[in-house]
Amino acid sequence: MKYNRKASVFIFLLAFSHQILSQSVTIDTVFISATALEKQVLNFEKLDSPMMNAIDLAGFRSLSVQSNGPAGLTTISNRGMASRHTAVLYAGLPVNGATTGVYDIGLIPFQYFNACMLFQEGLNGQAGNHSLGGGLLLKPSFEHQNNVSASMRYTSAKDKQLNLSSSWSGRNWYLNSGYEWILKLNQFQFLNNGVKTVTESPQLEGFNANLDGHFFLPNSTSLKVSSWLQHFDRDVAAPYYRLNGQKQEDYNQRYVIEAKHFFAQQEAGIKLAFFNERILFTAPGINSSANTKVIIIEPTFVVAQRLFLKSTFKSELVNANFFQGNKNRETLSFSALRSWHLWGGITNILLAQQWTDGKIMPLVAEIRAQIQGWKISMIRNYNLPGFNDLYWPSGGNENLSMEKSLQFNGGYTWNTIPHLTLGGETYSYVIHNFIQWTPDGIGLWRPSNTRKVWSRGVEFKANFQKLWQKIRISFGMQYAFTKATILEDKYAASIGRQMIYIPEHKGSFEVNFYVLNLHLGATLLGMGRRYDSTDNFTSLDPYVTANGIFGFEKKFKFIDLFCRLEYVNFLDTDFAFVRSFPMPLHQLNYQMTLKYKL
């Protein structure tokens, strides 16, 4: 049976290849800025604010943020899924931890990755594991003018940040570099049972160093190189930011190189990646460490931008002192995507077959279409357990099954009224064998496939932009209704209840005025009730929070000056993303950027 399934995939690839090659199509080999994900997935949102941070993502429709405070672990989940289902993608590859399956977005240098994209639909066929619920693609923007810039940021919580960046370009190449140093003292006020309290200053210090280059070589060949170094030390605070001697060190190295050759109607490429990720956690009497090495080899073949063939080999090796011996996982996958231009739009169909440690996985199938404002997708995919789920010494379960999902997405975007864009989407995700950690009879927590989860909802967005003489005005509004309930569970009290930390209602409003060199803006976020127990007995209160922005920009012949003042949470709202870790009350952030144009 195993070899029959393999043969069916190869027959599928050959059939599509013959159909495409029989057509006469000419393509241009000039640089195309769109990534493979954009071409194949079709439905995504651009998050291109250079001032965005991890907490700002909470205002995006059905995206949920879980954060243990400004210095603590911060993760995202999408449309009622778990954080391990939402990939963080670097150079199109997931960097979620092999042990936990999640990624701390609080360590991402968003000032460098200033052209990010959010994919809210499943990406298993494109990105592999950890992307059942979509992903956040980290992407820098390439400028066509040589420049160097320096940015300094200081907050009333005594946090400091320095960013240095440069952009260089020639006739046949682009190069970006960035360095970010952060020292967060986190001396802010919060409410503890109604009493204003100051933190014990849980610190975070570290840096990000990035380099991205795109080179166009002779003989219709291009080369992309990317590197990302991270090193952070932090205090791991107890509830209400008490210090108890717990510390964590993160050190990550990521290198990706991608080569492509264009000839006639075809494009052949190969992507090579090496990730070396280390985490060290210490506490009184505890010293745990994990070192993960990831190797990815990904050849691709594209015919006339209509047939996309890809093979991926991925090796993950974890050396952790809390596991019994090294743990590894090897995955081999083959995928084929066929694209049609029909009815004034695009329709993509993808099939992907994967093998993990020699075992055949379920066939991944997708159909995505974007036609005259309409967009629709139907996806069948899965997610594998993390290494902690399988091998954690006091409760890992090596008999866990994979999570399987069926997804439907549909929506429409209106652009018929000048300056106004309206959009609406609906979705339905069903996950079988949902992995949940629960206590056993002797008080130990163990993972099991005890749940079936159904997440469905509707989303709405509206954007208005108008230029009137020298004044530019923009308004934006988002609303999401998310119903993520447990259909099956071994605990009867959980059945029919909302998943923890997923609000049923969430909305945001943003307004910006640009007058000459000035920028005045405000954002308002309304968050509904979020339950933090599976029986929905306890919950976090709804809240409304608001931020204000004042910016100034002055451009000279060779130098651009940008100044920005942020008044965060000026309503002094008492709120938290995770219980016992209240977010700061009002806070002032100052930022100044100088860009020198060469």
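Predicted model: local features only at pLDDT ≥ 70, side-chain atom pairs only at ≥ 80, totals over all residues.
Residues are numbered from 1 along each chain as its sequence is written, and side-chain values use heavy atoms, with hydrogens and water left out.

**Overall build.** The protein has four helices and 34 strands; these are DSSP runs numbered from the N terminus, with helices being H or I of at least four residues and strands E of at least two. Its radius of gyration is 24 Å, close to the 25 Å that the globule rule gives for 598 residues, so the protein is as compact as a globular protein of that length. That radius is taken over C-alpha atoms, and the rule is 2.2 Å times the number of residues to the power 0.38. Along the principal axes, the C-alpha atoms fill a box of roughly 70 × 70 × 45 Å. The accessible surface comes to about 26,900 Å², and carbon and sulfur atoms own 60% of that (Shrake-Rupley method, 1.4 Å probe; for residues, only the protein chains shown count as cover). As for contacts (heavy atoms within 4.5 Å), take those between residues at least 6 apart in sequence: 60% of them join residues at least 24 apart.

**Strand pairing.** Strands of a sheet pair through backbone hydrogen bonds, either parallel or antiparallel. Here, two strands count as paired if DSSP finds at least two bridges between them. Five strands make an open sheet in the order E1-E6-E7-E4-E5, with mixed pairing. Its edges are strand E1 (45-47) and strand E5 (93-94), each pairing on one side only.

| Strands | Sense and bridges | Example bridge |
|---|---|---|
| E1 and E6 (116-119) | antiparallel, three bridges | Leu47 with Cys116 in E6 |
| E14 (221-235) and E15 (247-263) | antiparallel, 15 bridges | Asp233 with Glu249 in E15 |
| E15 and E16 (266-283) | antiparallel, 17 bridges | Phe262 with Glu267 in E16 |

**Positive phi spots.** The hairpin of E15 and E16 has two residues between the strands, and Ala264 there takes a positive phi near 50°. Gln372 also has a positive phi, near 50°, and is a residue other than glycine. Look for Gln372 in the loop between strand E22 (364-371) and strand E23 (374-383). Gln372 is exposed, with a relative accessible area of 59%. Then there's Ser580, not a glycine either, with a positive phi of about 75°. Ser580 sits in the loop between strand E33 (559-568) and strand E34 (587-597).

**A buried serine.** Ser149 belongs to strand E8 (residues 147-155). Its relative accessible area is 14%, so Ser149 counts as buried. The side chains of Ser149 and Ser165 are joined by a polar contact of 2.5 Å. For that term, read a pair of N or O atoms within 3.5 Å; within protein, one must be able to donate a hydrogen and the other to accept it, and residues adjacent in sequence count only if both atoms are side-chain atoms. Setting aside neighbours within four places in sequence, Ser149 is in contact with Asn163, Leu164, Ser165, Leu594 and Lys595.

Definitions and conventions:
Buried < 20%, exposed > 50% of the residue type's maximum accessible area, 1.4 Å probe, protein only.
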